[in-house]
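I am opening a page for this chain and noting what I look up, entry by entry.

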Amino acid sequence: MTYDHFFSAALARLHAERRYRVFADIERVAGRFPYAIWHSPNGPQPVVIWCSNDYLGMGQHPKVIGAMVETATRMGAGAGGTRNISGTNHPLVELERELADLHNKEAALVFTSGYVSNETGIATIAKLLSNCVILSDASNHNSMIEGVRRAGAEKKIWRHNDVGHLEELLAAEGPERPKLVVFEALYSMDGDIAPVNRICELAKRYGAMTYIDEVHSAGMYGRGGAGIAAREGALHRIDVVEGTLAKAFGCLGGYIAGSTDVIDAVRSYAPGFIFTTALPPAICAAATAAIRHLKVSQWERDCHQERAARVKSVLNVAGLPVMLNETHIVPVMVGDPEKCKEASDLLLAEHGIYVQPINYPTVPRGTERLRITPTPYHDDKLIDALAEALVDVWGRLGLPLRHHALAAE
C-alpha cells in the first residue's frame, strides 16, 4: 500500500482553497535592518522587510550579537540536552532571573518557543487545578487554544474582549470551583488590546486565576518593557505572565513568570518542558542582553510608536483600508485570499517590499489582510515608498480605496 496520495490530496485542498503557504527565501543582513536579500527564482534581489516580528530590530543590536558571539565562543553552540539530564546552563539561570524581575514575579521558566510555553503552560496549570474550568477569549492564539485542548478540562469561550460575557460565564460557576481565565494582552492580527483591569476585577470577584499572553507586548509597552499589564497598572493582579524572546527581544524562546510554587509545579510536571532540549547558552545570553538593554532604553519604544503612527497616517491619506488601532500593528484589509497572495507577490517581485499575506486559518475567511509591522528603522523614504507601492498594487488588482470615506470623515 502507498500513502503519498493522502498527502498530495491534502495539499491539493490547500491549493484549491487558496491558502497554500509559500515561504520567501530571505537573507537578513546584520547592520542593515530592515534591508535584506530575497533569493528569488531569478537570483538574489534587494528587498525591504515590512512584516518582521523583530519589532525593535533587537535581533541585530550590537549588544545582543556581542553577547551571543562571546558566549558561544566561551561555552559552545548547544545546551547538551534537557535540563534534567545536562543541568541548567548558567546563562539560562540568569535569563530566568531577568524575566522574573522584568514582570515583577517571583520566578520564571524558559521554554523553547512562545508556542510551547503557552501550549505546555496552560495545559499543565489547568491539569493541576482539580476540576478546573478554563475561560478563554475567542480570539486567543492557536498556541493557547492547543493548551486549552491539551488540558482536558471543561472550557468556555467568551466573546472577544467582551467582559460582560466573561462575567456571565464566571457567575455561572460555583465559587469553590477553580477557574482559569486565559487571554492576550495585545491581539496581533487586529492590533487591539484587552481590557486587562476589568478582566482582573472579574477574576478577583469570582475567584479566578489569570493567565495573560504578552507575546506581542513584552518589551514594547510599560515601564522597562514589562508589557501591557504593567502599563495598565495591573501586573500585580496577574497570576501568570507568558511571553516570547523571539519578537521584541529579537532572539528565540518562550517563558512564563509567576509565583515560585506555580513555576516550580510547571517545571516539575510539564512534559513539554521536561523532555525537550534546553535553549543554548548563547541564545540565553543574547536574550538577557536584549532584556537588560530595553529595561533602561526607551528610545526604541518611542521611535517605534512614532514610526507606526506615521505609517498609519500615510496609508490612510493614500486611501488604503487600514484597520485602525492604538498599537504598532498595521493591518491593511484585502478580504480575498487569492488577491491577498497576489498583492504580496507583486509587492515583492516588482517593488522589493516583503509583506506576507495573512489568510485563513490565521484570520477568519473574508478578512484576509497584509499585516505591516514598522520598526524604528523604517525611515520616511521607506514609508512613502510603501504607500506608493500599495496604491499601485491596489489599482492593478482592482481593490477598492476609500478616499470618499476619508473625505466624509
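**Entry 1. Salt bridges.** I counted 27 salt bridges, taking as a salt bridge a side-chain nitrogen of Lys or Arg within 4 Å of a carboxyl oxygen of Asp or Glu. The model is predicted, so I kept its limits in view: local features need pLDDT of at least 70 and side-chain atom pairs count only at pLDDT 80 or more, while totals for chains, interfaces and linings use all residues. Residues are numbered from 1 along each chain as its sequence is written, and side-chain values use heavy atoms, with hydrogens and water left out.

I looked up Arg-365 and found a salt bridge to Glu-17, with the closest N and O atoms 4.0 Å apart. This pair links distant parts of the chain, 348 residues apart: Arg-365 is in the loop between β13 (357–358) and β14 (369–372), and Glu-17 is in the loop between α1 and β1 (26–28). For these names I rely on DSSP runs numbered from the N terminus, helices being H or I of at least four residues and strands E of at least two. Arg-365 is partly exposed at 49% relative accessible area, and Glu-17 is partly exposed at 32%. My scale calls a residue buried under 20% relative accessible area, exposed over 50% and partly exposed in between (1.4 Å probe, protein chains only).

I then checked Glu-173 and Arg-177, whose side chains meet in a salt bridge at 2.9 Å, N to O. Glu-173 and Arg-177 are both buried.

Asp-345 and Lys-341 form a salt bridge at 2.8 Å, N to O. They are four residues apart in helix α14 (residues 337–351), so about one helical turn separates them. Asp-345 is partly exposed at 35% relative accessibility, and Lys-341 is partly exposed at 25%.

I also noted a network of salt bridges that links Glu-306, Arg-307, Arg-310, Asp-380 and Asp-384.

**Entry 2. Aromatic rings.** How many aromatic pairs does the structure hold? I found four, where rings of Phe, Tyr and Trp (its six-membered ring) pair if their centres lie within 6.5 Å; planes under 30 degrees apart count as stacked, over 60 as edge-to-face and the rest as tilted. Phe-111 is in strand β4 (residues 107–111) and Phe-273 is in helix α11 (residues 271–274), so far as the chain goes 162 residues apart. Phe-111 is buried, at 3% relative accessible area, and Phe-273 is buried too, at 11%.

I listed Phe-33, Trp-299 and Tyr-377 as one aromatic cluster.

I came back to Arg-365 and found its charged end over the ring of Tyr-360, 3.9 Å from the centre. The rule I used asks for NZ of Lys or CZ of Arg within 6 Å of the ring centre and within 35 degrees of the ring normal.

**Entry 3. Cis peptide bonds.** The peptide bond from Tyr-360 to Pro-361 is cis, with omega near 10 degrees. I placed Pro-361 in the loop between β13 and β14. A cis bond also runs from Phe-33 to Pro-34, with omega near 15 degrees. Pro-34 lies in the loop between β1 and β2 (35–40).

**Entry 4. Helix α1 and positive phi.** I checked the length of α1: at 1.5 Å a residue its 13 residues should span 18 Å, and the end C-alpha atoms are 18 Å apart, which agrees. The expected span is 1.5 Å times one less than the number of residues. Arg-18 follows α1 and has a positive phi, near 60 degrees, although Arg-18 is not a glycine. Arg-18 is in the loop between α1 and β1 and is partly exposed, at 41% relative accessible area.

Asn-161 is another residue other than glycine with a positive phi, near 60 degrees. I found Asn-161 in the loop between β6 (154–158) and α7 (163–171).

**Entry 5. A loop residue.** Where is Asn-131? I found Asn-131 in the loop between α5 (114–128) and β5 (133–137), and Asn-131 counts as exposed at 53% relative accessibility.
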